[in-house]
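Thanks for coming, everyone. Please have a look at the sequence and the model on the screen, and then I'll walk you through them.

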Amino acid sequence: MALDNKQNISVGKSFLQDSSFRHVTGSAAYIDDIPLPKNCLHGALVLSDTASGTITSLDLTDVKKLDFSSQIITAKDIPGKNDIAPIFSDEPILADKEVTYVGQPIALVLASTMEKARLAARKVKAKIKENKDPILDLKTAFKRKSFFLKPILLERGKAIEKINTSDCQLEGSFSIGGQDHFYLETHIALSIPKENNEYTIWSSTQHPTEIQHGVSNVLEIPSAKISSKVRRLGGGFGGKESQSTIYAAIAALGSYISSKAVKLRLNRHDDMASSGKRHDFEVKYSAGFNKNGKVNGLNITLLGNGGNVCDLSAPVMSRALTHLDNCYSFKDFKAEGFICKTNTVSNTAFRGFGGPQGMLAIEVILDSIARYLRLDLDALRRLNYYSSKNGIKTPYGQLVKNIKLDKILSEIEKVSDLKKRKEKIKKFNECQLSQGKPFRKGIALMPAKFGISFNKVSLNQAGALVHVYTDGSIRLNHGGTEMGQGLFVKVAQVVSECFQVPLSKVHITTTNTSEVPNTSATAASSGSDINGMAAWKAATTIKNRMTSHAAKLFNVSVGNIEFRNGLILSGNKNISFEELAFSCWENRISLSSTGFYKTPKISWDQEKFRGKPYFYYTWGAAVSEAIIDIQTGESRILQADIVQDCGQSLNPIIDKGQIEGGFVQGLGWLTCEELYFNQKGKLMTLGPSTYKIPGSRDVPPKFNIKLLDKSPNEETTIFRSKAVGEPPLLLSISHFLALKNAISMASETANADLLSAPATPSKILASINNNYSR
Amino acid sequence: MGKKIKRKLEEPHVLVNFEKILINKFDSNISVLNFLRNHRDLVGTKEGCSEGDCGACSILIYDKELKYSPINSCILKLGQIIGKNIITIEGVSQLKNSESLLSSLYDQGASQCGFCTPGFVIAATALKIDQPKVNEKQVHDGLSGNLCRCTGYRPIIDAILETKEKIIIPNPKKKQNVFGSKLSFGKTTFFYPRSANDLRKLLGSGKDFTPLAGGTDWNLESADQDFDKHDILFLNEIDEMKDIKIKKNSIEFGASVTLKRFENFCLKYLPTVTETINRFGSPQIRSAATIGGNIATSSPIGDLAPIFLVMGAKLHILGKKGLRKILLKDFYIGYRKNKLKSKEIIFKIELPKLGKKQKVFSWKLSKRYDQDISTISLAAKIEVEKGEKINDVILAAGGVAATPTIMKKNLFSN
């Protein structure tokens with residue numbers, strides 16, 4: 001197939017993110033930089049200060065005292081449905097009567113400037129009758145059986161029986177913290193009303209179609225009248241998959257009521273208080289295994305904090321459950337996932353989408369088993385890896401084909417020099433111990449398998465629209481959004497490759513639901529897989545028409561026409577791409593086409609929790625070296641080596657950027673990023689002064705990234721590439737395991753198994769001192 | 001007034017990328033960020049957090065002591081930069097010799113979503129001013145006020161390391177702007193005393209002033225407060241308050257000496273505490289924040305306090321009647337409370353010189369190494385006899401009580 005084309009003009013080469021130059025000169029425009037329409041109003045939100053209660057009234061006395069006018073809009077002003085839930089219908093954009101978390105939007109305030117809108121919003125006094133005993137954490141929710149949906153059960157074989165009949169058993173529990181996305185650009189939407197009830201909505205979103213649906217539902221206006229657009233996001237990471245719809249719909253409501261354009265830009269505080277985050281989890285397990293480390297049975301309970309509404313929590317839990325196996329074959333396996341309903345902000349999609357929680361769970365469990373047996377974790381893993389001997393069937397029924405573990409592991413061991421460094425570290429620790437010094441090091445490997453495709457089959461589709469103009473320039477549009485991950489340049493490379501013209505000929509355009517409709521979110525690492533393929537199909541349709549025309553011009557058969565380096569050739573005849581495009585127009589041949597792609601070979605039964613949800617798996621491995629100070633609990637990462645399977649990479653520099661960035665984001669999740677809620681359920685870490693994401697010094701000083709060589713995807717993905725957005729984040733778990741190793745070297749009494757995520761200095765210290773941290 | 005020199009009264013203005021912009025008729029106390037984005041259409045400078053922690057809003061500001069240094073425009077008020085030259089990302093990208101830095105950043109793939117990038121370019125430019133080569137530690141120090149959520153920083157770090165060309169930004173023309181003694185931004189009025197005398201008069205004028213210098217705390221804290229009328233006493237135009245005087249037995253710092261200048265001082269005279277000062281906020285914060293402000297804000301953690309406490313710092317406090325002096329250890333009286341009376345400001349901070357046998361050390365523990373609030377900060381003054389016997393130790397800590405505290409011996413014995 002043409003996708004395996006070897007003489008590449010664009011694909012497989014390192015082109016930079018499409019806007020790189022505009023980024024470094026400050027000339028790339030984000031939503032907040034768009035010049036505003038005349039009389040545009042600015043919005044600010046009134047947020048609930050109560051975790052659970054009933055709104056009795058809005059006191060506007062103080063607003064009326066202000067020396068400027070403002071408009072207050074509440075749920076009562078909504079002409080359509082007050083619901084933008086992506087799956088179920090339980091998610092109001094503005095609280096109507098009940099408030100269900102601190103930070104929930106209650107009202108929109110409009111004024112002529114943002115400062116005035118925010119000032120007026122502060123003057124609105126929402127009177128809320130507080131309910132007793134709100135549910136503020138997972139343990140309380142579990143105790144009080146506060147759940148969304150029924151628990152999701154994943155069961156294969158006879159786990160309990162196998163555990164009980166094993167030589168050894170181990171039980172344990174630990175918690176995994178949430179994470180704020182901390183995209184640098186906060187949520188923002190600009191709603192512009194037009195004639196005949198049309199709306200243009202600019203918003204920073206990963207899912208323009210859901211914005212369109214949300215606005216359509218809230219305003220009761222047909223989707224066809226709503227154009228949802230976004231040129232670029234200042235970061236998304238999942239935080240703008242479903243969450244941006246809330247703010248876009250509120251902005252649209254504001255412009256519906258005021259008949260003016262409305263911009264709603266959240267400040268960091270309101271963004272962090274009101275929008276969803278990564279699910280925090282509690283993990284409980286019992287395991288049965290042999291003395292040599294072969295796991296016979298596992299029973300795992302996952303509690304995931306859904307927050308106040310269900311949002312995407314069910315698919316997040318599904319992905320957590322389907323990644324509990326990571327790279328290991330468990331024949332007798334039981335896992336149950338409870339999506340807990342609490343009075344805290346709704347948790348949502350975040351890079352990895354439950355996968356990281358599931359994989360951290362199993363890695364910590366295996367690490368604890370290895371520690372219990374005093375075995376090397378890597379030796380224990382080897383006994384349990386998917387293989388023809390151990391089995392290749394996942395607990396949910398999909399067969400793990402094309403396993404790349406051997407190749408990845410031998411590569412990572414080579415790149416990281418793992419054996420020698422283990423020895424060195426052992427000596428270092430002995431030396432520190434014998435000299436009474438406070439430093440300890442740890443090193444750990446982490447293999448990772450990650451399933452690619454949305455678990456929900458229907459989401460695995462994409463569209464593209466390609467125009468060729470008579471001057472030979474090409475306009476490309478597709479349903480994917482550019483949030484920094486380099487999707488636009490990758491898809492443009494595909495189109496450039498198809499026509500065999502330089503990348504600069506392909507003009508990249510704003511994502512717009514009026515150009516390509518009914519799109520899926522740019523999520524699940526699927527962006528280039530599905531949009532690239534849709535664009536390839538659109539371009540190929542046009543190319544086939546151009547080929548037929550060229551064949552006529554040259555009077556040869558279609559099979560003799562070749563597109564190469566901007567020319568269309570046949571024997572010694574040739575014509576430039578521009579000339580052919582013009583000639584096609586002259587001869588009344590269409591130079592525009594849509595393209596549509598749906599991922600093949602996937603199926604899923606959510607009820608039975610069985611099927612083949614993933615088109616393929618990506619593989620990766622990392623080795624991290626950590627150092628801790630046993631007196632203070634401070635830690636650092638000293639080195640990270642990564643080998644990642646990107647298939648035949650579409651663009652190595654972009655993929656490398658995803659690997660580095662994802663890994664560091666994972667480090668933040670597991671070390672310094674700590675969400676702290678007070679006793680009233682109010683999030684206290686509402687900005688970067690208290691919520692700490694990694695800084696430049698927190699990156700491994702030695703950071704070696706390698707894309708797995710000669711590893712084309714066995715499945716027919718676009719140019720045999722593989723998805724890369726989320727998988728590298730999981731590899732940061734290697735650092736968490738390295739920290740546990742370092743802790744266990746602190747003293748005789750240190751208890752590495754006490755460590756929960758994030759491994760802050762106080763938790764590391766508690767673990768060293770064998771105390772439970774608060 | 002004795003001498004009568006008529007100086008030309010210039011209209012209040014700021015220089016933005018060397019272009020003179022007159023400042024009048026603003027109906028609120030706007031930030032420099034707001035001014036740039038909404039009044040000058042210079043939208044390359046971004047708002048990421050509005051609390052001076054993410055660096056997306058970074059610009060360069062010229063000041064005669066530090067030349068160009070990076071600063072957060074989100075927590076900087078327009079009233080604080082009258083007469084100054086600021087350089088924005090638009091200005092940097094026009095500089096001839098910034099090209100090599102910009103193209104390294106470009107070539108390395110140092111941007112993904114790009115939202116933080118202008119701020120990083122500013123921070124990197126600050127590092128490269130007159131510096132053909134910087135090392136890795138300098139890069140981390142220089143970037144400690146900038147957050148990136150996409151790249152994992154590695155390409156940014158590499159791009160700066162590989163840039164061999166230094167950046168030169170010309171100094172603005174000599175300041176001649178004496179633009180009057182006050183300026184209003186809506187209900188907020190900035191008063192600009194230019195001498196201790198001016199200051200004393202204003203303190204005695206009966207007005208209820210908010211003293212302001214760097215504003216890294218107050219501009220953040222006041223963002224959500226509503227004022228009917230608000231008078232700001234701006235302390236950065238008084239030369240005496242920006243002096244560092246080395247006397248026979250002590251060093252006197254004007255209270256408006258910035259942390260950056262204090263850091264430079266420490267590098268030379270107190271190298272053992274430089275690491276702590278270097279971890280104080282970020283370069284952007286240290287260009288603005290003042291030592292007087294850090295003491296007056298009386299945070300229980302304030303990173304300077306433990307060092308000043310063990311050194312026996314003395315505060316010179318100015319009121320309408322003149323100066324009074326008080327030891328820092330007697331200054332703090334409770335959580336964010338101190339002995340400043342209303343209409344008093346910290347004018348100078350006097351640090352006794354260390355004896356030959358004395359050394360001062362400091363430590364900071366935080367969740368993240370850079371730009372984080374201390375969990376605990378600690379300072380020690382140690383007197384060593386002949387390099388082996390410790391004669392005396394004074395310890396002070398932040399983050400352990402309602403105020404920074406000198407630790408008494410019985411803290412250990414109990």
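Let's start with the core. The largest nonpolar core has 303 residues, and V109(A), A252(A) and L302(A) touch the most other members. By nonpolar core I mean a set of buried Ala, Val, Leu, Ile, Met, Phe, Trp, Tyr and Cys residues joined through C-beta atoms within 7 Å. Buried means that 20 or more other C-beta atoms lie within 10 Å of a residue's own; exposed means 12 or fewer, partly exposed is in between, and C-beta atoms are placed from the backbone. Helix α7 (residues 243–258) of chain A gives the most to this core, nine residues. Helices here are DSSP runs of H or I with at least four residues, strands are runs of E with at least two, and both are numbered from the N terminus.

Before I go on, a word on the model. It is predicted: local features need pLDDT of at least 70, side-chain atom pairs count only at pLDDT 80 or more, and totals for chains, interfaces and linings use all residues. Residues are numbered from 1 along each chain as its sequence is written, while chains are lettered from A and ligands numbered from 1 in the order in which they are written.

Back to L302(A). Leaving out residues up to four places away in sequence, its contacts include F281(A), V283(A), M317(A) and F338(A). Contact means C-beta atoms, placed from the backbone, within 7 Å. There is also a second, separate core of 45 residues, with V466(A), V494(A), I561(A) and L580(A) among them.

Next, a sheet in chain A. It is open, has five strands in the order β7-β15-β14-β13-β8, and its pairing is mixed. Two strands pair if DSSP finds at least two bridges between them. Which strands are at the edges? They are β7 (147–156) and β8 (168–176) of chain A, each pairing on one side only. β8(A) runs antiparallel to β13 (281–289) of chain A, over nine bridges. In that pair, G172(A) stands opposite Y285(A).

Helix α10 (355–373) of chain A touches β8, β13 and β14, and makes about 140° with β8(A). Those angles run from 0 to 180 degrees between N-to-C directions, with axes fitted to C-alpha atoms, for helices over the stretch in contact.

Most residues other than glycine have a negative phi, and most peptide bonds are trans. Q500(A) is not a glycine, yet its phi is positive, about 55°. It sits in the loop between α14 (487–499) and β19 (506–508) of chain A. Is Q500(A) buried or exposed? Buried, with 21 other C-beta atoms within 10 Å. N565(A) also has a positive phi, about 45°. P758(A) lies in the loop between α19 (733–744) and α20 (761–768) of chain A.

Last, chain B. Helix α6 (154–162) of chain B has buried residues including I156(B), I157(B) and I160(B). The buried residues of α6(B) pack against α17 (652–670) and β29 (702–707) of chain A, and against α3 (99–108), α4 (117–128) and α5 (136–143) of chain B.

How values were computed: Contact = placed C-beta atoms within 7 Å.
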